[in-house]
Amino acid sequence: MTRSVAYWTLIAACVLSTAWTTGSFPSLSSAFETYLSDADSISKLERRFGRTTACLPAEGMITYVPGAAFNHDEKGVRFRVAQYTLAPRVISDDRPAEWVICDSCSRASVQWLAASRIVERYDLGSGLSVIRRDSR
């Protein structure tokens, strides 16, 4: 199967981003090996995050919250795939927004979300949910 230039660019961006944030090139190679050991894992993540587009506004800020079970490298790769898949929306992992994507997380793992008034919640299965919170 031939992969597009965008696909390989995404792989390279995930790998380089992981190296940059961890400052560890051994970590980089292990993250790269993990995600390429199953050659279709990035495509699976793209489809997973693609399911959220029907629930989200066409543009704006979205907060991405990864589950506590993911290691640092896996969180980074999932975050980068979410950014790529959901563009032109701006995906942040450190700024609370009205719209939140929870990737295998619980309310208890996100204190600010637990304190929020939830206006809408879409459970998309497999631990993925989209939450719209009252931003007032």
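Serine 92 has Met61, Ile62, Thr63, Tyr64 and Phe79 as contacts, leaving aside residues up to four places away in sequence. Keep in mind that this is a predicted model.

**Stop 1: serine 92.** Select it and show its neighbours. Serine 92 belongs to strand 2, which covers residues 90-92. Is serine 92 buried or exposed? Its relative accessible area is 8%. Buried means under 20%, so serine 92 is buried.

**Stop 2: aspartate 103.** Next, turn to the salt bridges. How many does the structure hold? There are six salt bridges. Start with aspartate 103 and arginine 48. Their side chains form a salt bridge, with 2.6 Å from N to O. Arginine 48 is in helix 3 (residues 41-50), while aspartate 103 is in strand 3 (residues 99-103).

Colour both residues by accessibility. Aspartate 103 has a relative accessibility of 0%, so it counts as buried. Arginine 48 has 12%, and it counts as buried too.

**Stop 3: arginine 78.** Arginine 78 counts as buried, at 12% relative accessibility.

Which residues are linked with Arg78 in a network of salt bridges? Select Arg48, Glu74 and Asp103 along with Arg78 to show that network.

**Stop 4: arginine 132 and glutamate 98.** Clear the selection and pick this pair. The side chains of arginine 132 and glutamate 98 meet in a salt bridge, at 2.7 Å from N to O. Where does each residue lie? Arginine 132 is in strand 5 (residues 128-133). Glutamate 98 is in the loop between strand 2 and strand 3. The pair links distant parts of the chain, 34 residues apart.

Check accessibility once more. Arginine 132 has a relative accessible area of 26%, and it is partly exposed. Glutamate 98 has 28%, and it is partly exposed as well.

Methods. Residues numbered from 1 in each chain as written. Predicted model: local features only at pLDDT ≥ 70, side-chain atom pairs only at ≥ 80, totals over all residues. Heavy atoms only, no water. Helix = DSSP H or I, 4+ residues; strand = E, 2+ residues; numbered from the N terminus. Buried < 20%, exposed > 50% of the residue type's maximum accessible area, 1.4 Å probe, protein only. Contact = heavy atoms within 4.5 Å. Salt bridge = Lys/Arg side-chain N within 4 Å of Asp/Glu carboxyl O.
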